[in-house]
Amino acid sequence: MWNLRRWVQGVATLVSNAYLLFPFTRNIYQGRLKSMCVPGLNCYSCPAATGACPLGSIQSILSTVRPSFSSGRYHISLYVLGMLGLVGSLVGRMPCAWVCPFGLMQELIHKIPSRKFEIPQALIYVKYLILALFIFLLPVLVVDQFGYGMTWFCKYICPAGTLEAGIPMMFLQPSLRELIGILYYNKLIILVVFLILMVFIRRPFCRSACPLGAIYSLFNKVSIFRMVHDPDACVLCKQCYRDCPMGVRFYEGANQVDCIRCLKCYQESCQYGAISIEVAGILVRPVPKGGEKKEEIPA
Amino acid sequence: MPSLTKVGCSFILTGKTDMKNTKSRKTPFLLLLLFLVLLLVGINVGEVSAVWEKAVRICFSCIGIG
């Protein structure tokens, strides 16, 4: 299952970035596929991107909500929010584990041998603040004299945009280099900080700052696909926590906000059948590999 | 109990659902319906082309220069 997930992540990354003509056109893809949002965090200004970034799309539509209302076009991101809600209602935060290119990169960088650390638990709530402020409120509320707002998250935070678009576009279109200023260096510093953190901390961006993960996480407890914890079978060995790419303490409860449904705990970590999945009310349990009695494992 | 063989792993399909659980599981289907309606409304008011128009232009904010 773990290898399958790597394959799916790799294929999803390639499909999200399948426009391989960019070295010749020196521009981004402009075909009709760009009207569809990808489920993961993938900048639509990445030269190879074939789809739209859902976060960028929400912000850019909300940042023009006043002028569009004035012109009789009632665009408030229902299309993108509907798509995210559909995915979230089906599988919760699963796209983070299976199809997000930025998530894959974080996991690969974390494989670099080093001492590993845990992030303070309070930081997992920062992503909701970023979601509320930078994705929804600021683009609508802070506007210029013509009523146009900004894409605040893209402009000031998004390290995926810097990595996938900011750096490559400087090589593809050298004229853009003349526009580099403090904003660019600010985003570059954020990217470098997260890249360093990725070595030492499991998925630091997903856990602390990703607004897309924050949106999907709201569906974790109510999605059709969800995880189930059996406290009677759990021996509190904490192997699920040690193996979890998000550092989720599954033994404290299933479907926590940071559970990305990678299924490693379900498939590999738990030897006692304490972790199951439920799809539309049907419980699917793994075969216990180790045993079933709490007394067999020291606390 | 029937067993499923999927991606090289075997599962036990228990089919176990208690009544309380089944009742609470209406929520995801209602949410699914709600967001499907939102998606369709968004498509109907022309947001697909709005997304496309934004996505085919180089986003200077994303790059960090605008």
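Buried residues (20 or more other C-beta atoms within 10 Å of a residue's own, with C-beta atoms placed from the backbone; 12 or fewer is exposed, and in between is partly exposed) make up 26% of the 66 residues in chain B. This is a predicted model, in which local features need pLDDT of at least 70 and side-chain atom pairs count only at pLDDT 80 or more, while totals for chains, interfaces and linings use all residues. Residues are numbered from 1 along each chain as its sequence is written, and chains are lettered from A and ligands numbered from 1 in the order in which they are written.

**Chain B**

- Chain B contains four helices and two strands, where helices (H or I, at least four residues) and strands (E, at least two) are DSSP runs numbered from the N terminus.
- The order of these elements along the sequence of chain B is β-β-α-α-α-α.
- Helix H3 (residues 47-55) of chain B has Glu47(B), Ala50(B), Val51(B), Trp52(B), Lys54(B) and Ala55(B) as buried residues.
- The cover over the buried residues of H3(B) includes H3 and H5 of chain A, as well as helix H2 (26-44) of chain B.

**Contact between chains A and B**

- Chain A contributes 56 residues to the contact and chain B contributes 42 residues; two residues are in contact if their C-beta atoms, placed from the backbone, lie within 7 Å.
- On the side of chain A that touches chain B, two or more residues come from each of helix H3 (54-62), helix H5 (78-91), helix H9 (152-156), helix H10 (159-172), helix H11 (182-200) and strand S3 (282-286) of chain A.
- H5(A) gives the most to this side, with 10 residues.
- The side of chain A that touches chain B has 33 nonpolar, 18 polar and five charged residues; Ala, Val, Leu, Ile, Met, Phe, Trp, Tyr, Cys and Pro count as nonpolar, Asp, Glu, Lys and Arg as charged, and the others, Gly among them, as polar.

**Packing of H5(A) and H3(B)**

- H5(A) packs with H3(B) at an angle of about 95°, and their axes are 8 Å apart; axes are lines fitted to C-alpha atoms, for helices over the stretch in contact, and angles run from 0 to 180 degrees between N-to-C directions.
- The two helices, H5(A) and H3(B), are therefore roughly perpendicular to each other, a term for angles of 65 to 115 degrees.
- Leu78(A), Tyr79(A) and Val80(A) of H5(A) make the contact with Glu47(B), Val48(B) and Val51(B) of H3(B).
- By class, the residues of this contact are five nonpolar, no polar and one charged.

**Domains of chain A**

- Chain A is divided into domain 1 (2-217) and domain 2 (225-296), with bounds from an automatic or database domain assignment.
- The centres of domain 1 and domain 2 of chain A, taken over C-alpha atoms, are separated by 30 Å.
- Their contact takes 17 residues from domain 1 of chain A and 13 residues from domain 2 of chain A.
- Helix H1 (2-16), H5, helix H6 (94-98) and helix H12 (204-208) of chain A each supply at least two residues of the domain 1 side.
- H6(A) provides the largest share of that side, three residues.

**Buried sites in chain A**

- Nine of the nine residues of H3(A) are buried, so H3(A) is largely enclosed by the rest of the structure.
- Ala48(A) lies in the loop between helix H2 (22-25) and H3 of chain A.
- Ala48(A) is buried, with 20 other C-beta atoms within 10 Å.
- Apart from its neighbours within four places in sequence, Ala48(A) is in contact with Asn17(A), Ala18(A), Tyr19(A), Leu20(A) and Phe22(A).

Technical notes
Parallel < 35°, antiparallel > 145°, perpendicular 65-115°, else oblique.
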